[in-house]
Structures are given as C-alpha cells and as structure tokens.
Amino acid sequence: MVAAPVDQVRTLYRTLLVYAAVSIFILVAGLAEFAYFEPPGQHTGLKAHIVGVFQYDPDHNAVIGSDSNAFPRTVQFAAVVDWSTLPPNMVYDARWYDGFGNVVGSAGPGTPAQLENHKIIPVMVPPGFHHNLPGHYIFVVERYEGGVPVEVIGRRVVLVER
Amino acid sequence: MGAVSARSANPRHRRPARYAVAIAIAVTLVLVLVASSILNYVYLDTVAGRASLYGLLAVALIALATFIGVRASSRDPAERAKHFIRAGVLLGLAALLWLLLIDVFVFTGAAGPTVAAICALVCVPTTAFGLFTLRAIDRNEKEPWRLVLVAAAWGAVVATSLVIWAESLWQAIAIRTLVPGPGLDVSTAFSAGILEELAKGSAVVLLFLVMRNEFDDVVDGIIYGAAVGLGFNFMESVSYMTNLYAIFAPEGVGSYAAGFQWYARQVLGLFFGHATYTAFVGAGIGIARQLPDVRKKVIAIAGGFIVAIAAHFSWDAWLTLFPIEKTAIGILEIHLRTLIMTGPFTAAVLALLFLGLQIESRALAEHFRREAAGASGAILPEEVAILMSPWQRFRQRMRALRRGGLRAYIRLGRLQSAQIDLALERWHRERQELDTPLEAEDELRRRVLALRQDYLRAISSG
C-alpha cells in the first residue's frame, strides 16, 4: 500500500495554527495585565478636589495667578489638591505624566494627613533640559489599595505649548 | 474576439463572487474614511482632523488609481499601458497631495516644511531598499512592481488615514477613564495592535479578492503584507521624526531625536516591525488561498490577523519591560530589545516564507517537467533546469543581453515569466484552486509560444 503524499500546505496551515495559539496566549496575558492594573469593581464614587493648576514659583514653593489649562513651555506650573476633603483612612497619591507617559512630578502615596504638607504638586523639568517638553500633561489623584493605584479620583489635562 | 490577457484569461461574462466581496469591503472602507474624517474634524484635534478631511481627495485618487490599475491588467494588452500610465499618474498625484497635506497641516506648524521634507526624503531610500529586498526574496515568481507599490501606498496613505480617528478616539477615552501606568499602556497597545493591523490587513484582503491571479500562495501573501507594512512604517517614521524634532528642537536636540527615530524605525525596525506584523496577515491569506474548504480558509485568515495583532501588541505593551540606559550600553540594549521582542515573530514569519518557497519551488519543478514532457513546446526539456534556478535564469538573460542586446534581455525575461505563470497555472489547476476555465491555460501556452518567437527575432536581429 502506498501512502498518499502529504499536502505541505496543510503543514503551513498547522504551523500558522500553532502561532495563533501562542498569540492568543499573549493577548490573554495582556488582558490579565490590564485586569490587574484596572481591577473591576473599584469605583467608589470618591472625588478629589483639585483646586486648580497654576503657574509655580519654585523659589517660594508657591503658586501664582489663576487656574489654567495651558502654559508656555518656559513657565513652570503645579497642581493644588485639597486633601482634607478625602476620607482619612485611605491611601492616595498624585502624579504628573508628560506627553511620553513619564512621571514628572508626584506626591504620596499616603493618607490625607500625611499628604497635608504636599498640597502643591509641581511639574519637574526633566534632568538635562531647560524647560518642560511640549505636549499634553495629565495630572491624576489616585486611590491606592494593596500597594497599587486602583482608581483615579481626580484628573486634569494640561497643554504645554510648543 | 479581442485578445485575452494570458494569466487572467476568462471568457465568462459573470465576475466571480469574490469581486462582490471586494466591492463591499472597499465601499465600507470609503464610508468609514468619510465618517471618520468628519467626526475627527468635529470632535477631535482640528489640525489632524483637517488633514484627514482634506485628505479624502487623496484617498479618492488612490481608490480611482487602484481601480484603473486593477482593471488594466485584464484589458487588451494594447490598451493596458495607457491605463497603467493613467493609474500611475493618479497614484503619484495622490501621494504628493497627501504628503503635502501632512506637511502643511500636521508637521509644518511644528517642525516646518523643510524638516518635514528632509524627514520624508531620508525615509525613501530605506523603504525602497525594503521593497527591493522583498522582491528579491520572492525568487520564483516576482510580484509585479505595480501591485507591490499599490500595497505600500495603501499602507502609507489609506491605512494611516483609517486608524487616525479610531486611535485618537480610543486614546481620548482611555486617558479620561483609566489609571495612568501599565493599564493605560496595555489599553493603548491593544488599540494599536487591533486597529492598525485591521487597517493594513484590509489592503491584503482586497488584493487577494481582486488580484487572485497575482496571489498564488503564502509567499505572495507575505510579500504583499510586508509591502503594506513598509508603506505604513514610512508614513509613521515621518510622523514621529517631525513630531519629536518639534518637541526637542527648542532644547537643541531636535536633530538627534529625529535621527534616533529614523534609525529605530527605518534601519533597526525596517523589517522588525510593521513589515513583520502585516506579513502574518498576508501569510494567513496566502495559506487560505490554497486550502480546499471555506471553514479552514476563514480560520487561516483569522489566524494571520491574530498573530499580527499579538506581535504588534506585545511590542507596544511590554516595551517598558526593557528600559534603555542613557549610556553607551544603551545602544547595545536598543538592538537587543528589538531582537528579543520582535525577533521571534520575524523568525516565525521567515519560517513560513522559506517553507512556502520550498513548496512553490517543488511544485514549479514538477510542472516544468510535466509541461516539457508534453508536446506543446511551451517549455522545452533543456529549459527545465534553467527555469528551476533564479541564478540560471539570470545567467541566461545575461547571455541574451550579450547576443541580442537589451531588447533580447527584456523579451527573454517576459518569456521566462510567462513560462513560470504557466507552471503556476498548472499547479493551481491540479489543486483545484482556480475559477478560470481550461482555455486560460491554453491561452497561456499560446502566449509563451508567441513570446518565444519574439525572443528569437530579437536574438537574430541583434
């Protein structure tokens, strides 16, 4: 008895199926990572009171002028958070992200009492640069649980102009 | 009856059903483009939106050029050149218009037209090198330049237009709802992987549906897919280079930032990136081309898309797992990161490519021999060994060049291509993968014989 010749296109097809199986594993791993950092059921309805985003004077660690959503790149700026409005038994932090997703300013994590001396959270100019890089900056106040931020309870987007 | 083109000879008056599917996909894509441009203009960034809206003219020109180009291949050979010239002019106009729009509305305001032009120009040689390399790899039956360039143009112009709105919308929603950090990074990576691969892959699907005669197997799928990826990579490189130049120029390092992007995307990532991802889409479609039942065809196409999305996703999501030091070692780390993260995917697609080439070579050899054993005279027994080797074919053309000049070289090239087409036609017919009648094969034989006469005349007159 002579065996029928193996169709090599089927070998290609099976090889692709193996690749697809590995790929599904990769995508499921991605979903698992997403679920870990964005756990469902964490919405508490809490709202942090972000007083505003102002021009910042680093020499006196103070803010100047009025609340704004856009700044020239040569101007330093900072967010002001009123921690006293938040429940005292929880842990929070605040962070600034630049347009590349890098953390360029932060406070915490800590309880509102621990963060009371960190009401002003400035954006730090990256080392080696003279001014802030242009782009959209995101400021977030986050609630912590189990050592990781699980919920954003306050958010501002600020444009640093070119 | 007028002359019938050899590979596409099809005396049936009714078009195959796949043309209806292709038209449905094309119409859907155009509607999505129109809707996305208007939505983008109204709701998202007005600068990018304006480019997207005004870019519709360029997209329309591309669509028209593609339509004329595709139709030209099935027309009377005497008319064909005229239609290809029309298609080429429209495609050129569309590309220029689009680049102009991108320059004027997106980059010029930030980086300036000179920087935008320089960024585009420095990406041309590397992308061209990529396309030449792809064709060189396709050693048995090279895909026509017109289709390779259409694929690259789709990747550069149409695919980028298709994703701009959807990615902007996804990003806008994600930034306002997710915790910044790894979760947001993963979300962005899913957006890029799914949306960009669907946009790029739709070009390969359309080529498969409309140009079945030029889409033989997994090898062709990988070539077309990678060409779409190279086109997309070209436009993305220009976009990143000009954007980063504008961001870093006030700090005095704009050129360095743009140069680094060029190296990362046009040298290091030329094949280890979009070309690899979309090659998987093409591989899936190419394998589906040769499978007998519809269920397996659908699984193969879906499988190709899944691998492409996963490859793209893994790079975008886990790039930060390999931080780069700002020292000399960082240069080594950049290369290692690409090799470790994308290398396995590139190796996997190369494995499919080489296996596909091996299958194709064996099939061609078998059908060269069978055709030579017949009495048609389309392939002579002494030509079999030459046709089986790209190097021998090239040497034979060089001999023709010495004996009969450039005309003989070109005529012999056409003869060899027609002989390979005939063997491929026989292979597909044996596997019952054709919807063309047997007359098409006979027409091919007549064409080969006519080309042989042309070649002999060129040799004798040279």
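Modeller: Two strands pair if DSSP finds at least two bridges between them, and the strands themselves (E, at least two residues) and the helices (H or I, at least four) are DSSP runs, numbered from the N terminus. What follows concerns a predicted model, in which local features need pLDDT of at least 70 and side-chain atom pairs count only at pLDDT 80 or more, while totals for chains, interfaces and linings use all residues. Residues are numbered from 1 along each chain as its sequence is written, and chains are lettered from A and ligands numbered from 1 in the order in which they are written.

Colleague: In what order do the 4 strands of the open sheet in chain A stand?

Modeller: Strands of a sheet pair through backbone hydrogen bonds, either parallel or antiparallel. Here the order is β2-β1-β4-β7 in chain A, with antiparallel pairing. The edges are taken by β2 (62–64) and β7 (120–122) of chain A, each of which has a single partner strand, so one side of each lacks a neighbour in the sheet. Inside this order, β1 (residues 49–57) and β4 (residues 77–82) of chain A pair over 6 bridges, and Phe54(A) has Ala78(A) in β4(A) as its bridge partner.

Colleague: At what angle do α12(B) and α14(B) pack?

Modeller: Axes are lines fitted to C-alpha atoms, for helices over the stretch in contact, and angles run from 0 to 180 degrees between N-to-C directions. For α12(B) and α14 (residues 390–430) of chain B the angle is about 100 degrees, and the axes lie 9 Å apart. The two helices are therefore roughly perpendicular, a term that covers 65 to 115 degrees, whereas under 35 counts as roughly parallel, over 145 as roughly antiparallel and the rest as oblique. Among the residues that meet are Leu364(B) and Phe368(B) in α12(B), and Ile420(B) and Trp427(B) in α14(B).

Colleague: How many residues of chain B are in contact with chain A?

Modeller: Two residues are in contact if their C-beta atoms, placed from the backbone, lie within 7 Å. By that rule 38 residues of chain B touch 37 residues of chain A, and α10(B) gives the most to chain B's side, with 10 residues.

Colleague: Where in chain B does pLDDT stay under 50?

Modeller: pLDDT is the predictor's confidence in each residue, from 0 to 100. Chain B averages 83, with 85% of its residues at 70 or above, but the score stays under 50 over residues 1–13 of chain B. Where pLDDT is low, the predicted coordinates should not be read in detail.
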